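Welcome, and please take a moment with the sequence and the model before reading on. The report below is meant to be read alongside them.

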Amino acid sequence: MSVPAFAELLEGLVFSPGRNAKIALMRQWFATQGDPDRGIGLAALAGELVFRTAKPAMMRELIAERTDPALFAISYDYVGDLAETIALMWPADVRSNRPPLSLTEVVETLETAPKTALPQIIAGWLDALDPGSRLALIKLVTGGLRVGASARLAKTALADWAKVDVGEIEEVWHGVAPPYRPLFAWLEGQGLRPDPRGLPVFRPLMLAHPLEEKDFAVLHAPDWRAEWKWDGIRVQLTAGPGGARIWSRSGEDVSGAFPDILAAMTFHGVADGELLVVRDGEVAPFSDLQQRLNRKVVTQKMLRDHPAAVRLYDLLFDGEEDLRALPFDIRRARLEAWFARERPERMDLSPLIPFASMEELAEIRAGARAASIEGLMLKRGDSIYSPGRIKGPWWKWKRNPLSVDAVLMYAQRGHGKRSSFYSDYTFGLWRAQGDDMELVPIGKAYSGYTDEELLWLDKWIRNHTTNRFGPVREVERGLVLEVEFDAAQYSNRHKSGVALRFPRIARIRRDKPAEEADRLETLVALIAGSPAAAAG
Amino acid sequence: MPPHPKTWLCVTPAGLFCEPGGFHIDPQRPVDRAVITHGHSDHARPGHERVLATAETLAVMRERMAPGQAGQSQQPLRYGEVLHVNGVRLWLRPAGHVLGSAQVCLEWQGSRAVISGDYKRRPDPTCAPFELECCDVFVTEATFALPVFHHPPAELEIARLLRSVRLFPERTHVIGCYALGKAQRLIALLRQAGWDAPIPLHGALMRLCRLYQELGVDLGELVPATVQGRERFAGAIVLAPPSEIGERWARRLSDPLPCLASGWMRVRQRARQGGVELPLIISDHADWPELLSTCAEVEAGEVWVTHGREDALIHALGMRGIKGRALHLVGMGEEGEEDE
């Protein structure tokens, strides 16, 4: 595969907002490219191809030798991106008629060429490419490649192309490396399944369906086990002689952000649990955990002020022994025995909640007010650990949502299929301002409404716009929306001082005048642990 | 010694004015006598008394303007035909921009100026190709006068579009393009690439396409995309004004894939505005190398820049020993709508 073909793929991914379109583009890629190029492309898509061989300063020097400084300055000012300005201004060498540069040649050269030879080599490549390919190449060699698709989506596309379950790919993924020849050979039926033995690999997680009333009605209490549903991040801990990893729900390696947890993973096995920030045995709000996510560098202060912990609820492997085909009750017993034996630091067990009847369980759920608890998890005692979201064996039974009546303030266009609709809504509540009342924004939602409601909202917004800021419209303060959310928390990043968890539009309150929408105090009273909540 | 063109061609509030001839070129406000380079609305304004242009440009103006607004009297002039106006020799050369587009060539006492209007140097199946006319002063546009603008061959962009249509056969590709010139050129390029399916058009594009057909440009079968039949046009390539591709009109199409055909698509950030999913770099203007080579080929000692990015162009011309001058003509290329 050539660099121009790769550049076209990247361009397509960056410009296509839709998941299906991205999958189609990548599937086409796997179907039409040969080894080893398609594997190198896959590595780039999965974020595993990162070079920092060329510094932006080197690229600047190369372009300075070839362009007038004044023209470069005017152009850079207009384009705004250094790599793109260079790619577009680079004088093409029309005499060059060499065969299209292959991605493999680029990767192999970058790995082997002496540093001093790089400027000349890169310049030679740029001479022979079109502007779009030059941009892809510059981004690649300077480590600034933005793919416009997640690693998970790349694997999904690969599975889609090979007609296997994406879980199959996840299970072997961390045991193979670019350019993934054994992986492609296996997917094409020309080789054995790559054996990840020993290496830490991600095992696709078992997920739960939301419990609805009709499902609840048929549940027979003795069949079920209950746990709290913790408001953290689902993780899989994998450790053994081959190393230790912390995987996110989608199989992303998040070990780097949690060195404190990683250090505690001295065991051999695979465990499933909830990542939380815990201080003195108390689970901190989700926003505290957010501080720890996506950090390249974790400071000592961060480790001290936001200590992470994992609340364990399942054991998939004990040593090399695969427990996933065993029923939940047996796995739970194995988990408890394993935990008693290993005693890993920074970890505890998610307790089972005893209950005699479903009615009793409903009361327990209704009584749970702690912010760290989203509701209940129900697991069948005889359920094996099957990856994916299968309806029946596991249910998540969230707490009844909280709600306020808020006033629509701003609307923004959506993306992809919704790009012609004003589908993202910012809403606010009233607050006293001297003798007057003012609206303060409390959050943003882009779900919960039906297609008909979206059409109606879109029309209302277009007819009641008072101001436009690019894709955003400010509207008359005249429409009340009933906003549902799972929890409210204090936040110093919001003007209102409050942040909502999972806000969504529950209803359009056409009947309600805007002046009668809720006040900010009403929302503050809903914050767990707030003085107002205690008083109420 | 012939007089320098600046002594007889000057900038007035209405635009460029030829004093001895007593006429304006592409005036921005109603005047007595106007010579019009082409039909885009920033060049052809309504309300002039007497209008001189190619027959095609006059037809475009009549089609687009309210009755009586396209000039009280209209005088067509063929390419190459010479007219004498108060001692000024006047003739038109094709500018290769859109159907009927012309460079206005003027000669007064042995001194010659060419006002090129908007132009491009690439082949275009819907209009006559640009013809070079040497002169003392060349008046040029500068829409894409930055070294970052290199338009790729239009055929490659069409091939990219057709690859996308093959990859997403169930979706409707909606291409945003301007009603005059770009729409017809796209259709003709699609036909050349072998796309012979009927091409559905947004209502705003239909009249000018019909006019092109009446003037002898073959565009194949065109159908209205405004039908009440709620047809979804899966797998079709549909053309619409740029402002409509992400709008309510496009909703009933089959999972529409918004494309935009414009020279601005060369720059990513420009392309990403407005939700474009497939940017097509197809322009009816000269790109940077073409602007520079044209200014050199006309052998003019001086180049005047009407509108666009004159700073870069004047700097680059200076390095080539050509004197540049920015005219700062108000109203040209500002609307965006006809800008490209």
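The sections below go from the whole chain to helix packing, a sheet and a chain contact.

## About the model

This is a predicted model, in which local features need pLDDT of at least 70 and side-chain atom pairs count only at pLDDT 80 or more, while totals for chains, interfaces and linings use all residues. Residues are numbered from 1 along each chain as its sequence is written, and chains are lettered from A and ligands numbered from 1 in the order in which they are written.

## Chain A as a whole

Let us start with the overall picture. The C-alpha trace of chain A spans about 80 × 65 × 45 Å along its principal axes. Its secondary structure comes to 21 helices and 22 strands; these are DSSP runs numbered from the N terminus, with helices being H or I of at least four residues and strands E of at least two.

Of the 536 residues in chain A, 38% are buried. A residue is buried if 20 or more other C-beta atoms, placed from the backbone, lie within 10 Å of its own. Among contacts in chain A with a separation of 6 or more, 70% join residues 24 or more positions apart; two residues are in contact if their C-beta atoms, placed from the backbone, lie within 7 Å.

## Helix α10 and its two partners

Helix α10 (residues 151-162) of chain A packs with helix α11 (residues 166-173) of chain A at an angle of about 120°, their axes 8 Å apart. Axes are lines fitted to C-alpha atoms, for helices over the stretch in contact, and angles run from 0 to 180 degrees between N-to-C directions. The pair α10(A) and α11(A) is therefore oblique; angles under 35 degrees count as roughly parallel, over 145 as roughly antiparallel, 65 to 115 as roughly perpendicular and the rest as oblique. On the α10(A) side the contact is made by A:Lys155, A:Thr156, A:Leu158 and A:Ala159, and on the α11(A) side by A:Val166, A:Ile169, A:Glu170 and A:Trp173. By class, this contact has five nonpolar, one polar and two charged residues. Here Ala, Val, Leu, Ile, Met, Phe, Trp, Tyr, Cys and Pro count as nonpolar, Asp, Glu, Lys and Arg as charged, and the others, Gly among them, as polar.

Helix α2 (residues 19-32) of chain A also meets α10(A): their axes come within 8 Å and cross at roughly 60°. That makes α2(A) oblique to α10(A). Residues in this contact include A:Ile23, A:Met26 and A:Phe30 of α2(A) and A:Leu153, A:Ala157 and A:Trp161 of α10(A). The contact of α2(A) with α10(A) has nine nonpolar, one polar and four charged residues.

## A four-stranded sheet

In chain A, four strands in the order β2-β13-β11-β3 form an open sheet with mixed pairing. Two strands pair if DSSP finds at least two bridges between them. The edge strands, each pairing on one side only, are β2 (209-210) and β3 (224-230) of chain A.

Strand β11 (residues 373-380) of chain A is largely enclosed by the rest of the structure, because six of its eight residues are buried. β11(A) pairs with β3(A) in the antiparallel sense over seven bridges, and A:Glu227 stands opposite A:Met377 of β11(A). A:Lys379 in β11(A) stands opposite A:Arg225, and its bridge partner in β13(A) is A:Trp394.

## Where chain B touches chain A

Which residues bring the two chains together? In all, 26 residues of chain B are in contact with 22 residues of chain A. On the chain B side, α7(B) gives the largest share, five residues.

Notes:
Buried ≥ 20, exposed ≤ 12 C-beta atoms within 10 Å, placed from the backbone.
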